[in-house]
Amino acid sequence: MIDTSGGVLAAGGYQITFDWPVFFSQLFGFAVIVFVIWKWVVPPVKRLMAKSQDAIAKQLTESDHAAQQLEEAKRSYANALTEAHSELEQIRADARADAEYIVAQMREAAAAEVERVRRQGRDQVAQLRRQMVRDLETDLAAAMLAITEEKVRDQVATPEAKSDSIERFLEDLEILANSSSAKRQAQPGWN
């Protein structure tokens, strides 16, 4: 249904009409609002958006830079780790060489000490042997003298043995005197 008065009628009792002066006034109001928004709202929003975009671009650049630094740090860490491992291996090799050198020196020192102790032990054994031989010789001589003295006393204890030993002593003296006078005559420089 169409109303001839300029409005559109809806079925069922509703009447919708188109009012041109209201339409133009609302259109003018909308244009003013769009103009105000475009003139005073859009520029600050554009500036804020540009700042936000700049900040985001800066953050992205910083993020890329940080990612590059992270990669560089990872490479540096890997290089440092590799260098540390090689340095550790070198230190271990040096320590092993030093330990082997020290062990060799200690073995040489121990062998020298063993040889010195053996030599000292042999010298002590030889010295103890000589001392023991001297002591045994002294004890043997003392024992022989004691036995001889006892036998001589037993033999000299009788008067007959005393006179025989005195005669032998005198004979020995006479032989000794004769031999010394013969030596004096053989050596004319003595007087």
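Visitor: How many residues apart are Glu115 and Arg119 in helix α1?
Guide: Residues are numbered from 1 along each chain as its sequence is written, and side-chain values use heavy atoms, with hydrogens and water left out. Helices (H or I, at least four residues) and strands (E, at least two) are DSSP runs, numbered from the N terminus. Glu115 and Arg119 both lie in helix α1, and about one turn of the helix separates them: four residues.

Visitor: What is the N to O distance in the salt bridge of Glu115 and Arg119?
Guide: Side chains of opposite charge can pair when their charged atoms come close. A salt bridge here is a side-chain nitrogen of Lys or Arg within 4 Å of a carboxyl oxygen of Asp or Glu. For Glu115 and Arg119, the N to O distance is 3.9 Å.

Visitor: Which residues do salt bridges that share partners join into one network?
Guide: Glu115 meets Arg119 in a salt bridge. The side chain of Arg122 also meets Glu115, at 3.9 Å, N to O. Through shared partners, the salt bridges make one network of Glu115, Arg119 and Arg122.

Visitor: Is Glu115 buried, partly exposed or exposed?
Guide: Buried means under 20% relative accessible area, exposed means over 50%, and partly exposed lies in between (1.4 Å probe, protein chains only). Glu115 has 32% relative accessibility, so this residue counts as partly exposed.

Visitor: Why are Arg116 and Glu113 separated by about one helical turn?
Guide: Their side chains meet in a salt bridge at 2.4 Å, N to O. Arg116 is partly exposed at 38% relative accessibility, and Glu113 is partly exposed at 37%. Arg116 and Glu113 are about one helical turn apart because their spacing in helix α1 is three residues.

Visitor: In what order do the elements of the chain run from the N terminus on?
Guide: The chain has two helices and two strands. From the N terminus on, the order is β-β-α-α.

Visitor: Where in the chain is confidence highest?
Guide: The chain has a mean pLDDT of 85, and 87% of its residues reach 70 or more. Confidence is lowest in strand β1 (residues 7-9), at a mean of 52. Where pLDDT is low, the predicted coordinates should not be read in detail. The highest mean, 91, belongs to α1.

Visitor: Which residues do ring pairs link into a cluster?
Guide: Rings of Phe, Tyr and Trp (its six-membered ring) pair if their centres lie within 6.5 Å; planes under 30 degrees apart count as stacked, over 60 as edge-to-face and the rest as tilted. The whole structure holds six aromatic pairs. Ring pairs build a cluster of Phe18, Trp20, Phe23 and Phe24.

Notes: This is a predicted model: local features need pLDDT of at least 70, side-chain atom pairs count only at pLDDT 80 or more; totals for chains, interfaces and linings use all residues. pLDDT is the predictor's confidence in each residue, from 0 to 100.
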